Amino acid sequence: MNTPPLPPEAERTDGSPVQIGALVPLTRPGWVEAGRHVLAGLELAVRDVNDAGGIVGRPLELVVRDTAADPQRAAAAVDELARLGVAALVGEYHSVVARAAAARADALGLPFLCSSAVLDALTEQPTEWVARLAPAQSHGWQIYADFLLSAGHRRIAVAAQPSVYWASGASILRDYLAPRGGSVIELDMRALTPAAVCDELVDNRATALLLLVGHPEPAVSIVKSVRGDRRLAEILIGAPAGQPEFAEWVTLLGDDSAAIPFLRYLPERFSPLGARVETALRERLAEAPSFVAFEGYDTVTVLADVLRSHGADRARTAESWPRVAVEGTRGKIQFSRTPGISVWQWAWPPVQVVDRDPAEPDRFRILHTG
């Protein structure tokens, strides 16, 4: 590994803060609610680390930068944070943004523990500098495809927008479903209105429609259109990327927000640590915490353990990924090299397919686990 010289901040022993850079989408067009939950988890974990004595007596400090779902802005933030001397990077929700941040972190020799982004190819080439907590997209979306097959769905339409992330998702579904008797019908949302989507679903005799589109639009308009079409009363609407996870989904869609299965990365039952963190996150957010908040918490928990063991030396942090063994809120976190994945990967966090209960949209139903 080519190790750049350490900034002076990494070698201090005078009780000054150990700084870590945090990348989160906090303004539009970023998914602001997701960013708020990631940040809540990061901040809560920093507080807990500091209450327990910090990093060998030095306080841990977040230096937060808003990515606004912009890859170029994220890359520039990585450059700035590296110059500021942060020991490592954490966070990011959007996969395409995290990919830009990971590429820059790899080039600069700055450790990056990615919290939430799932795109398999987080970097073009294998790297020692980047590790990830969220499951790779291929892992989670294959579990989602299993759920669709077990529920009897073989003709599956995807309403898709152009994006590396959505294209990757459609490809995973197609490759997994085809040998098992399923088919994927792709609906290009550059050419179709939500009303036209309904006609396509009828014409193609689809039994399920998956939303591979942005939130809130056009996802919300598509749901309203399909739910309002009597011809499609029996169709399943799904959202593997997790749009229904957040409270804004219920606010925008009301009763139409329910019975739309999505992926989330939580265990069926929390450990005592998970239960304690869930209570603290609920208080901090003034609402039920999403799985994304737990990803944020676990990120800092892992990184703090590494920093305590190896100090704020960037190269030693990157070299430590394969030796991590930390109890997080959702199980023991360890990183390994996984076929087809270019970064150090937790294989795997718990994966659930859940939906909101039509009788009580604030309550989630677990439909399938993997």
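## Helices α6 and α7

Helix α6 packs against helix α7 at an angle of about 50°, and their axes lie 8 Å apart. That angle makes α6 oblique to α7, and the crossing of the two helices is right-handed. The contact involves P194, A195, C198 and L201 on the α6 side, together with S221, I222, S225 and V226 on the α7 side. Sorted by class, this contact of α6 with α7 comprises six nonpolar residues, two polar residues and no charged residues. The model described here and in what follows is a predicted one.

When neighbours within four places in sequence are left aside, K224 is in contact with L252, L253 and D256. For one of these residues, L253, the C-alpha atom is separated from that of K224 by 7.5 Å, although the two residues are 29 apart along the chain.

## Helix α1

Helix α1 covers residues 32-51, a total of 20 residues. From the first C-alpha to the last, α1 reaches 28 Å, which is close to the 28 Å expected at 1.5 Å a residue. This helix is mostly covered, with 14 of its 20 residues buried. Just after α1, G53 adopts a positive phi of about 110°.

## The packing of α1 against α9

α1 also packs against α9, here at an angle of about 120° and with the axes 10 Å apart. At that angle, α1 is oblique to α9, and α1 passes α9 in a right-handed crossing. Which residues of α1 and α9 meet? From α1 the residues are R36, H37, A40, G41, E43, L44, R47 and D48, and from α9 they are R276, V277, A280, L281, R284 and L285. By class, the contact of α1 with α9 has six nonpolar, two polar and six charged residues.

## The packing of α9 against α10

Helix α9 (residues 272-285) also packs with helix α10 (residues 291-310). The angle between α9 and α10 is about 115°, and their axes are 11 Å apart. This makes α9 roughly perpendicular to α10, and the crossing of these two helices is right-handed.

On the α9 side, the residues that meet α10 are L273, G274, R276, V277, E278, L281 and L285. Their partners in α10 are A293, F294 and Y297. The contact of α9 with α10 is made up, by class, of seven nonpolar, one polar and two charged residues. R276, V277, L281 and L285 of α9 meet α10, and these residues of α9 also meet α1.

Note on methods: Residues are numbered from 1 along each chain as its sequence is written. This is a predicted model: local features need pLDDT of at least 70, side-chain atom pairs count only at pLDDT 80 or more; totals for chains, interfaces and linings use all residues. Side-chain values use heavy atoms; hydrogens and water are left out. Axes are lines fitted to C-alpha atoms, for helices over the stretch in contact, and angles run from 0 to 180 degrees between N-to-C directions. Helices (H or I, at least four residues) and strands (E, at least two) are DSSP runs, numbered from the N terminus. Angles under 35 degrees count as roughly parallel, over 145 as roughly antiparallel, 65 to 115 as roughly perpendicular and the rest as oblique. A crossing is left-handed if the near helix is turned anticlockwise from the far one by less than a right angle, and right-handed if clockwise. Contact means heavy atoms within 4.5 Å. Ala, Val, Leu, Ile, Met, Phe, Trp, Tyr, Cys and Pro count as nonpolar, Asp, Glu, Lys and Arg as charged, and the others, Gly among them, as polar. The expected span of a helix is 1.5 Å times one less than its number of residues. Buried means under 20% relative accessible area, exposed over 50%, partly exposed in between (1.4 Å probe, protein chains only).
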